[in-house]
Amino acid sequence: STTTIKNSYNGNGSTSAFNYTFKISAQSEMQVIIRSSTGSETVKTLSSHYTISNVGNAGGGAVTFQSGHIPASGETVLLRRSTPKTQAMDLIDNDPMSADTIETAHDKVISITQELHRMTR
């Protein structure tokens with residue numbers, strides 16, 4: 001249960017690991033952006049620029065930039081949850097359904113709602 005969907009940090013040219021404090025269910029649900037001192041933004045690529053730890057952990061984890069891609073002084077690191085806007089739960093008549101299935105689907109809807117709400121503010 002969190003309302004946090006992004007974290008922001010200042011680069012310094014030496015720090016390579018930055019914590020995210022929200023749950024992601026897959027590595028593809030993380031968007032990593034570097035904002036320059038002039039305000040231009042560049043979306044970074046998983047595996048080429050950074051790795052992610054603790055996927056699925058409710059408390060979050062860390063994004064670690066690879067050597068040669070460590071954010072410089074004057075750059076801002078934005079770590080943003082980006083949940084796919086899809087519906088994966090399939091309900092079948094008279095089939096037993098676990099509470100975990102319902103909770104996972106509900107959590108996804110809440111995540112999407114939080115992200116859409118932040119975009120309109």
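Mentor: Serine 82 lies in the loop that links E7 to helix H1 (99-119). Helices (H or I, at least four residues) and strands (E, at least two) are DSSP runs, numbered from the N terminus. The model is predicted, so local features need pLDDT of at least 70 and side-chain atom pairs count only at pLDDT 80 or more, while totals for chains, interfaces and linings use all residues. Residues are numbered from 1 along each chain as its sequence is written, and side-chain values use heavy atoms, with hydrogens and water left out.

With a relative accessibility of 32%, serine 82 counts as partly exposed. Buried means under 20% relative accessible area, exposed over 50%, and partly exposed in between (1.4 Å probe, protein chains only). Across the fold, the C-alpha atom of serine 82 is 4.8 Å from that of glutamate 29, although the two are 53 residues apart along the chain.

The protein chain as a whole has one helix and seven strands. Its pattern along the sequence is β-β-β-β-β-β-β-α. Of its 121 residues, 26% are buried. Contact means heavy atoms within 4.5 Å. Among contacts in the protein chain with a separation of 6 or more, 67% are between residues 24 or more positions apart. The chain exposes about 7,600 Å², of which carbon and sulfur atoms supply 49%; such areas come from the Shrake-Rupley method with a 1.4 Å probe, and for residues only the protein chains shown count as cover.

Next, the sheet that contains E7. Four strands form an open sheet in the order E1-E7-E3-E4, and their pairing is antiparallel. E1 (6-10) and E4 (41-43) stand at the edges with a single partner strand each, so one side of each is left without a neighbour in the sheet. From one strand to the next, the twist averages 20 degrees. Axes here are lines fitted to C-alpha atoms, for helices over the stretch in contact, and angles run from 0 to 180 degrees between N-to-C directions. Two strands pair if DSSP finds at least two bridges between them. E3 and E7 are joined by six bridges in the antiparallel sense, and isoleucine 33 has leucine 78 in E7 as its bridge partner.

The other sheet is open too and has three strands in the order E2-E6-E5, with antiparallel pairing. Here E2 and E5 are at the edges, each with a single partner strand, so one side of each is left without a neighbour in the sheet. The twist again averages 20 degrees from one strand to the next. E5 and E6 run antiparallel and are joined by four bridges. Tyrosine 50 stands opposite phenylalanine 65 in E6, and threonine 51 has threonine 64 in E6 as its bridge partner. The covered face of E5 holds Tyr50 and Ile52, while Thr51 and Ser53 are on the uncovered one.

Then the core. A nonpolar core is a set of buried Ala, Val, Leu, Ile, Met, Phe, Trp, Tyr and Cys residues joined through side-chain atoms within 4.5 Å. The largest one has 13 residues, and those with the most contacts inside it are Tyr20, Met30, Val32, Ile52, Val63, Phe65 and Leu79. At least two residues of this core come from each of E2 (17-20), E3 (30-35), E5 (50-53), E6 (61-65) and E7 (76-81). E3 gives the most, with three residues. Neighbours within four places in sequence aside, leucine 79 is in contact with Ile5, Lys6, Asn7, Tyr9, Phe18, Asn19, Tyr20, Phe22, Met30, Gln31, Val32 and Val63.

Lysine 44 is in the loop between E4 and E5 and, at 24% relative accessibility, counts as partly exposed. Its C-alpha atom is separated by 5.5 Å from that of valine 32, 12 residues apart along the chain. With neighbours within four places in sequence left aside, lysine 44 is in contact with Val32, Ile34, His49, Tyr50 and Phe65.

Last, the charged pair. The structure holds one salt bridge, a term for a side-chain nitrogen of Lys or Arg within 4 Å of a carboxyl oxygen of Asp or Glu. Arginine 35 forms it with glutamate 41, and the closest N and O atoms are 2.6 Å apart. Arginine 35 is partly exposed at a relative accessible area of 30%, and glutamate 41 is partly exposed at 44%.
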